[in-house]
Structure formats: structure tokens, C-alpha cells
Amino acid sequence: MMRRLRFNGTGSGEGGCPSVHEDLDSGEIIVHGPPLTDAQDIAQLRHLGEGEVPIVVPRELIVDWGPKDMMRDARIIDLDAFGQLFERFEHTAWRLETRRRYASDEATETYAQFVRGETPTWDLDTPWSVTIKAKTAGGASVGRVRLVDDPATEGQCYLLAHAEKNAVLGEDIRNLSRAEADRLSLPAEDFWIFDSRLIALLRFDADDNFSDVELITEPAEVIRYSMARDAAMHHAVPYEEFAADMTSREQ
């Protein structure tokens, strides 16, 4: 069976070699690069088996791009502490939204209005709204990519409508099909990236209630989530375009 490989990084400037890939199913690491050819150097190698070829890999490639031990001590914060992160970030805040439903959305009056076929009345003066408006007005960047199934769930359709409010607050809202997200091997979890240095991994209970947040600052992990952000932003489309395409396909 063909491996599902994820590119983790390169140790060269333009040629893409040597490079590190990770097998998404087995966790095995595949490295390719220039071969070691000097006979005296090869003679010093221990346990070089028949058919094995030594390659030269810069130390920084392993340090910067090699997968790290995924077992880490989780640093968990509550929802109040999570809310404070939006007041403290300086430059960028970006989120990947992957879930099919959010219980917190379904508890709102705007969700009830949407389900009844009414145009939701968005409140632009909530504490969240005021904070985001102030951040974007001051030059900070706030954005999201939201995954959408085919067919879209009710919750995902609601968020397509909710994007109008997000945009008024200054957010850059884009959408991506789940099939495309799977092709890109994007993470299957919701997370925020603050200032490209702090990951807030959102955790939900079995009933889709937002429960708490795990903070990640380990550099290699931050790089991986940042790479996922860049891939999502590259392939996602503005919410207006995505919604128009959905409507045309349904007619």
C-alpha cells in the first residue's frame, strides 16, 4: 500500500534536498539527501548493512524539522484564561475550524433565527466583538479557515452566515472543503495560532461542548501548526465565493 507522506522540511536553500518526510500512518521518518561517497568515510561507519546507502544530513535539519516526541505535559487553561489571549496577542490570531457542529452556537438566539429562516441580528457590541474590532482597527490580523462537508451540516451553514459578522469585525474568513483538507493532511482538530508562537488547541467533550484549551509553545510543534495554517490559507477561498458556489450547486 502506498504511504501517505507529509513533507516536514528541507535543510537546503532551493534544491529541496536533503529533506524529511513523515509517514502519517506508521510514524516512520524518511530522509533523502546527497550520498556519502568518500570510501574512507564510509569505512568508518558501523552497522552499515548490505543495500543501505549513507546520506549526509545537516544537523539543523534534524533539530529544526525532525518530528519530536509527541508525549508532552499538557498545559491546560480554562475558558476565561483563553479569552485573555485575544486581548494580549500583538500581531496575528488565526484559527482552523474543523468540527461539524458546535454546541455553543446552537444555544444562541442567532442560531435559532437562522434555523427559522430569518436573517440573524448580529450583536457587534459583545466583549468579543469589541476586542476584535479594536485589534483589527489597530492593524492586527485576525482570520479563520472553516472546513465544510459535502453536504454541509446545519452548523456549518450557520457559520457561513455568521461570517458576515466576522467580516464586519475585520476578520479574514475563508472556507475549505473537508475533502481538500484531507488531501492536504490538515490537522483534524480546532486550534488558534497567536503571533506565530503560541498554539491554543481547543478541546471539546462528547457532546460538542467547548471544554478547555491546551497551550503549546514547543517550537517544532508551532512550526507544524503554522505550516498547516499556510496550506489552509493557500487553498481556502473567501466565504462569499464559497457560499455562492454552494448555492449554485444546490440549484
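Are R146 and E97 buried or exposed? R146 is buried, and E97 is buried as well. The legends below describe a predicted model.

**Figure 1. Overview of the protein chain.** The predicted model has ten helices and eleven strands in its protein chain. Along the principal axes, the C-alpha atoms occupy a box of roughly 75 × 45 × 35 Å. The chain has 251 residues, of which 37% count as buried. Its accessible surface is about 14,700 Å², and carbon and sulfur atoms account for 52% of that area. Of the contacts between residues at least 6 apart in sequence, 65% join residues at least 24 apart.

Figure 2. The strands follow the order 4-10-9-8-5-6-7-11, and their pairing is mixed. Strand 4 (75-77) and strand 11 (237-238) are the edge strands; each has a single partner strand, so one side of each has no neighbour in the sheet. Within the sheet, strand 5 (residues 92-97) pairs with strand 8 in the antiparallel sense over four bridges. Strand 8 also pairs with strand 9 (residues 198-204), again antiparallel and over four bridges. Strand 9 in turn runs antiparallel to strand 10 (residues 210-216), to which six bridges join it.

Figure 3. Strand 8 covers residues 191-194. F191 and I193 point one way from the strand, W192 and F194 point the other way, and all are buried. Towards strand 9, F191 has L201 as its bridge partner. The hairpin of strand 8 and strand 9 has three residues between the strands, and D195 takes a positive phi near 55° there.

Figure 4. F204 has F210 in strand 10 as its bridge partner. A salt bridge joins D208 and R101, with their closest N and O atoms 2.7 Å apart. D208 belongs to the loop between strand 9 and strand 10, and R101 to the loop between strand 5 and helix 4 (103-106), so this pair ties together parts that are 107 residues apart in sequence. D208 counts as buried because its relative accessibility is 16%, under the 20% cut-off. R101, at 30% relative accessibility, counts as partly exposed.

**Figure 5. The salt bridge of R146 and E97.** The side chains of these two residues meet at 2.8 Å, N to O. R146 lies in strand 6 (residues 141-148) and E97 in strand 5; the pair is 49 residues apart and links distant parts of the chain. In the whole structure, a search finds 20 salt bridges.

Figure 6. The closest N and O atoms of E171 and R144 are 2.7 Å apart in their salt bridge. E171 lies in the loop between helix 7 (154-168) and strand 7 (172-177), whereas R144 is in strand 6, so the pair ties together parts that are 27 residues apart in sequence. E171 has 6% relative accessibility and counts as buried. R144, with a relative accessible area of 7%, is buried too. A network of salt bridges links R95, E97, R144, R146, E171 and D190.

**Figure 7. Helix 9 (residues 219-235).** At 1.5 Å a residue, the 17 residues of this helix should span 24 Å. The C-alpha atoms at its ends are 25 Å apart, which agrees. The buried residues of helix 9 are A220, E221, V222, R224, Y225, S226, A228, R229 and A232.

Figure 8. Strand 2 (residues 19-23) runs antiparallel to strand 3, and four bridges join them. S19 stands opposite H32 in strand 3. Five residues lie between the two strands of this hairpin, and G27 takes a positive phi near 85°. V31 is part of strand 3 (residues 29-32). V31 also contributes to a nonpolar surface patch of about 300 Å², which is made by I29, V31, V53 and I55. With 32% relative accessibility, V31 counts as partly exposed.

Conventions:
Residues are numbered from 1 along each chain as its sequence is written. This is a predicted model: local features need pLDDT of at least 70, side-chain atom pairs count only at pLDDT 80 or more; totals for chains, interfaces and linings use all residues. Side-chain values use heavy atoms; hydrogens and water are left out. Patches are made of residues with over 30% relative accessible area and no salt bridge: like charges are joined within 9 Å, nonpolar side chains (Val, Leu, Ile, Met, Phe, Trp, Tyr) within 5 Å. Accessible areas come from the Shrake-Rupley method with a 1.4 Å probe; for residues, only the protein chains shown count as cover. A salt bridge is a side-chain nitrogen of Lys or Arg within 4 Å of a carboxyl oxygen of Asp or Glu. Buried means under 20% relative accessible area, exposed over 50%, partly exposed in between (1.4 Å probe, protein chains only). Two strands pair if DSSP finds at least two bridges between them. The expected span of a helix is 1.5 Å times one less than its number of residues. Contact means heavy atoms within 4.5 Å.
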